[in-house]
Amino acid sequence: MANLQSDFVGIKSPNPFWLASAPPTDKEYNVRRAFEAGWGGVVWKTLGSEGPPVVNVNGPRYGAIYGADRRLLGLNNIELITDRDLYTNLEEIKRVKADYPDRAVIVSIMVPCEEEAWKAILPLVEDTGADGIELNFGCPHGMSERGMGSAVGQVPEYIEMVTRWCKQYYSKPVIVKLTPNITDIRKPAAAAKAGGADAVSLINTINSITSVNLDTMSPEPSIDGRGSHGGYCGPAVKPIAMSMVSEIARNPETHGLPISGIGGVTTWRDAAEFITLGCGNVQVCTAAMTYGFKVVQEMISGLSDWMDEKGHASIADFKGAAVPNVTDWQYLNLNYVAKAKINQDLCISCGRCFAACEDTSHQAISMSEDRVFEVIDEECVACNLCVNVCPVENCITMEAMAPGDTDPRTGKVVEPDYANWTTHPNNPAATAAE
Amino acid sequence: MKPSPFSPGVAAGRLDDGAYAENFSDLHPALDPHEALVAADRCYFCHDAPCVTACPTDIDIPLFIRQIATGTPDAAAKTILSQNIMGGMCARVCPTETLCEEACVRELAEGKPVKIGQLQRYATDHLQEQGIHPFSRAAVTGKTVAVVGAGPAGLSCAHRLAMLGHDVTVYDAKPKPGGLNEYGIAAYKTPEGFAQAEVDWLLKIGGITLAHGQALGADLTLEQLKRDFDAVFLGMGLGGVNALAVEGGDKDGVLDAVDFIADLRQASDMGDLPVGRDVVVIGGGMTAVDAAVQSKLLGALNVTLAYRRGRDRMNASVFEQDLAASKGVRIMTHAVPLALHGNGAVREIEFEYVNDDMTGTGETVRIPADQVLRAIGQTLDGDALPDLEGGKIAVTGAGRTSMDGVWAGGDCAAGGDDLTVTAVAEGRDAAMDIHASLTA
């Protein structure tokens with residue numbers, strides 16, 4: 001069996017699955033249950049400064065987006081950082097870490113953007129014996145209105161400054177958690193690196209309103225008739241998170257900066273995908289909140305089986321393996337020509353490919369009287385929409401044309417060599433460069 | 001002494017009172033809102049969907065299912081009812097397994113079609129239980145139409161004509177409207193007075209007058225109707241039954257399955273209905289299955305459904321055959337009745353086994369029978385009717401008969417399956433044709 005042992009910036013855990021800083025990690029009770037279920041680590045729910053704890057709303061904190069059969073696809077929340085006493089949390093962290101020395105325990109922190117505030121809390125955290133800290137520069141709701149959370153994460157200079165303080169007053173790894181509510185994720189990542197961060201983790205949640213109650217005209221979740229944007233997470237945000245992760249991984253300025261991947265990780269496959277895009281481990285929240293802590297067992301077995309199948313002995317074997325293949329559009333091979341192909345044995349004749357292509361694409365699928373659907377190669381631009389809307393997996397596939405064959409759509413011979421937009425004759429810039 | 005299932009002869013009250021209620025409860029309990037959403041989510045919203053093609057009334061099934069899935073079941077109901085005004089009954093009695101659900105691509109994909117029939121019922125019940133009638137009449141045209149038969153064909157025709165502004169009088173021989181919906185369908189398919197509730201709901205369109213106890217040939221003549229009305233639609237179904245032309249076929253204990261079912265449907269207490277200990281139903285269609293299953297549910301000990309051909313030739317669908325088997329009905333095939341034995345009342349029925357080509361084998365069998373139900377086909381009653389074809393009224397196009405101004409549809413008209421949904425479609429289409437002719 002593959003070795004799932006994770007070593008993330010020196011923090012060891014038996015597997016790369018950590019629970020993200022969130023409601024599931026707010027208390028000793030929950031965290032012990034998580035470790036018993038098999039989670040490799042937890043990032044303890046964000047601690048704030050000493051003093052009266054924050055207060056939460058007393059109405060609904062979560063809103064949801066559903067797929068078929070009420071499958072939860074996206075969740076948003078307006079819960080703040082821990083609303084429990086700082087010292088209670090610190091004592092619990094210390095006890096849990098002592099009882100689970102092989103698991104990773106990271107402490108998430110969010111205090112005001114003042115050096116004294118960080119200088120005050122960091123020694124307290126250091127004393128718990130936790131393995132590292134995560135700076136919460138991401139929460140988009142509530143705390144950001146008080147100049148914390150994403151309000152910091154949206155200003156690279158603040159990130160760098162606070163990170164520097166943490167490296168100064170804390171001896172163990174410092175992970176900077178980034179907000180996606182920003183135009184260019186590379187900037188805050190570079191700032192974290194400049195400040196001396198050991199790693200970044202992303203994404204935190206995305207500003208969101210999940211729905212509007214059409215009777216009361218209140219956004220959901222509704223607190224006495226009014227709503228506030230919450231932080232969006234769950235399977236729906238995974239594509240956004242993976243894109244941001246990949247940008248940091250392939251940016252020369254931040255390439256090699258350790259990344260803890262967060263955002264919609266629901267299955268072992270999601271985790272593997274994040275790791276191939278450069279993550280050293282992943283953090284999970286919504287999947288656990290939806291199904292309970294037991295989901296980690298599927299993640300462990302699935303990742304292990306896949307690694308065995310592919311011959312990967314450790315996480316490091318495939319970490320970042322997909323990063324070289326993430327490129328800019330302009331470098332995509334324009335000589336690559338594919339055509340959709342419909343497997344008639346698998347086709348159930350629903351006609352969704354036809355409707356999609358006929359109404360919204362290239363009129364490249366024909367429909368016979370007896371509901372046989374076939375691709376018209378003369379029209380097919382290989383857009384992939386038919387593949388995406390087909391309800392049967394692998395019924396429609398994209399087949400690459402062999403070099404030397406003639407594309408019936410363009411009448412041109414498929415070239416064997418790679419050629420991209422930068423050299424394409426239609427590109428004014430390419431012409432100018434000559 | 002109270003009879004039990006073991007008591008010989010024909011007797012009422014073989015079961016405990018509670019057993020009747022349980023036996024005749026809804027065959028397919030209604031979907032609750034969550035079940036409906038789960039079921040609706042499975043629809044792929046196919047292009048030019050095969051289920052629509054398979055529906056005799058062309059209901060836009062993907063659209064109504066999407067309307068359910070998006071939380072608008074009343075809009076779904078309107079989609080259904082605009083094509084099929086008896087969509088509520090059809091949702092209950094359609095052999096969906098041979099129509100829309102057989103055509104469902106998920107049947108092909110995984111052998112589990114979308115529950116189209118149950119979703120249709122969910123939507124139509126949702127609307128009708130609120131008492132909402134979503135259609136209104138056009139301006140009154142002053143034209144009048146007589147409809148003979150208040151069954152699915154007649155009521156469908158009447159509703160569409162009334163909606164288009166015509167004044168309609170519906171004549172029916174029976175004391176209640178509904179036709180086979182009221183008198184001819186197994187009780188467990190349409191419990192709790194649904195057939196009458198649906199008629200009441202349908203009549204809310206206005207412009208329809210019901211005249212009961214008016215049978216064509218006895219109380220009415222086609223000639224008179226033609227004179228009194230601008231158009232006539234014949235939808236009176238099949239009033240006659242084929243006789244059992246065998247030795248002893250008139251013994252006590254022999255009756256028509258349609259009468260047995262009609263009595264059962266009209267009974268206020270199932271415990272009052274007499275049923276044999278050993279019941280034999282002769283026939284292979286839906287009526288035969290309905291009679292056989294309900295005999296069993298009434299407390300008959302042994303029920304045999306005897307059919308002259310193989311199971312694959314039965315008109316009853318595989319679902320119906322399996323339903324019968326699951327209720328304990330024995331399906332006996334390749335058996336042709338030779339004689340009924342007994343002194344006054346039938347005691348035994350004798351069959352000869354026949355080959356697939358109906359040639360006799362010479363092998364015979366006698367089985368106990370103290371009640372024999374004939375379900376061997378129905379016939380069209382009446383004379384002075386338009387031209388017939390194969391014993392039914394010949395029609396061309398949308399139900400046009402050989403007589404000017406006279407249309408026909410439903411079971412009494414030639415062509416089409418003898419299904420409620422087909423009757424509804426034929427009534428609707430004839431109405432559109434009548435409308436075109438009246439407003440030409």
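The legends below describe close-up views of a predicted model. Residues are numbered from 1 along each chain as its sequence is written, while chains are lettered from A and ligands numbered from 1 in the order in which they are written. Because the model is predicted, local features need pLDDT of at least 70 and side-chain atom pairs count only at pLDDT 80 or more, whereas totals for chains, interfaces and linings use all residues.

**View 1. The contact between chain A and chain B.** The complex has an ipTM of 0.84 and a pTM of 0.89 from the predictor. Chain A gives 12 residues to the contact and chain B gives 10 residues, where two residues are in contact if their C-beta atoms, placed from the backbone, lie within 7 Å. On the side of chain A that touches chain B there are seven nonpolar, two polar and three charged residues. In this classification Ala, Val, Leu, Ile, Met, Phe, Trp, Tyr, Cys and Pro count as nonpolar, Asp, Glu, Lys and Arg as charged, and the others, Gly among them, as polar. For chain B the mean pLDDT is 95, and 100% of its residues reach 70 or more; pLDDT is the predictor's confidence in each residue, from 0 to 100.

**View 2. Helices α5 and α6 of chain A.** Helix α5(A) spans residues 156-169 and helix α6(A) residues 186-194; their axes come within 7 Å and cross at roughly 25°. Helices (H or I, at least four residues) and strands (E, at least two) are DSSP runs, numbered from the N terminus. Axes are lines fitted to C-alpha atoms, for helices over the stretch in contact, and angles run from 0 to 180 degrees between N-to-C directions. The angle makes α5(A) roughly parallel to α6(A), given that angles under 35 degrees count as roughly parallel, over 145 as roughly antiparallel, 65 to 115 as roughly perpendicular and the rest as oblique. The crossing of α5(A) and α6(A) is right-handed; a crossing is right-handed if the near helix is turned clockwise from the far one by less than a right angle, and left-handed if anticlockwise. On α5(A) the contact is made by Pro156(A), Glu157(A), Ile159(A), Glu160(A) and Thr163(A), and on α6(A) by Lys187(A), Pro188(A), Ala191(A), Ala192(A) and Ala194(A). Six nonpolar, one polar and three charged residues make up this contact.

**View 3. Helices α8 and α10 of chain A.** The axes of α8(A) (residues 268-276) and α10(A) (residues 295-310) come within 8 Å and cross at roughly 60°. Helix α8(A) is therefore oblique to α10(A), and their crossing is right-handed. From α8(A), Trp268(A), Arg269(A), Ala271(A) and Ala272(A) meet Glu298(A), Met299(A), Gly302(A), Leu303(A) and Trp306(A) of α10(A). By class, six of these residues are nonpolar, one is polar and two are charged.

**View 4. Helices α5 and α9 of chain B.** In chain B, the axes of α5(B) (residues 73-83) and α9(B) (residues 116-128) come within 8 Å, with a crossing angle of roughly 105°. This makes α5(B) roughly perpendicular to α9(B). Helix α5(B) contributes Pro73(B), Asp74(B), Ala76(B), Ala77(B), Ile80(B) and Leu81(B) to the contact, and α9(B) contributes Gln120(B), Tyr122(B), Ala123(B), Thr124(B), His126(B) and Leu127(B). The contact has eight nonpolar, three polar and one charged residues.

**View 5. Backbone features in loops of chain A.** Most residues other than glycine have a negative phi, and most peptide bonds are trans. The peptide bond from Leu202(A) to Ile203(A) is cis, with omega near 10°, and Ile203(A) lies in the loop between β10 (199-202) and β11 (206-208). Another cis peptide bond joins Glu220(A) to Pro221(A), with omega about -5°; Pro221(A) is in the loop between β13 (218-220) and β14 (230-233). Arg70(A), which is not a glycine, has a positive phi near 55° and sits in the loop between β5 (62-66) and β6 (72-77). Asn384(A), also not a glycine, has a positive phi of about 85° and belongs to the loop between β19 (373-375) and α12 (385-389).

**View 6. Pro5 of chain B.** Pro5(B) is in the segment before β1 (10-11) of chain B. Leaving aside residues up to four places away in sequence, Pro5(B) touches Arg14(B), Arg277(B), Gly299(B) and Leu301(B). The C-alpha atoms of Pro5(B) and Gly276(B) are separated by 8.7 Å, although these residues are 271 residues apart along the chain.
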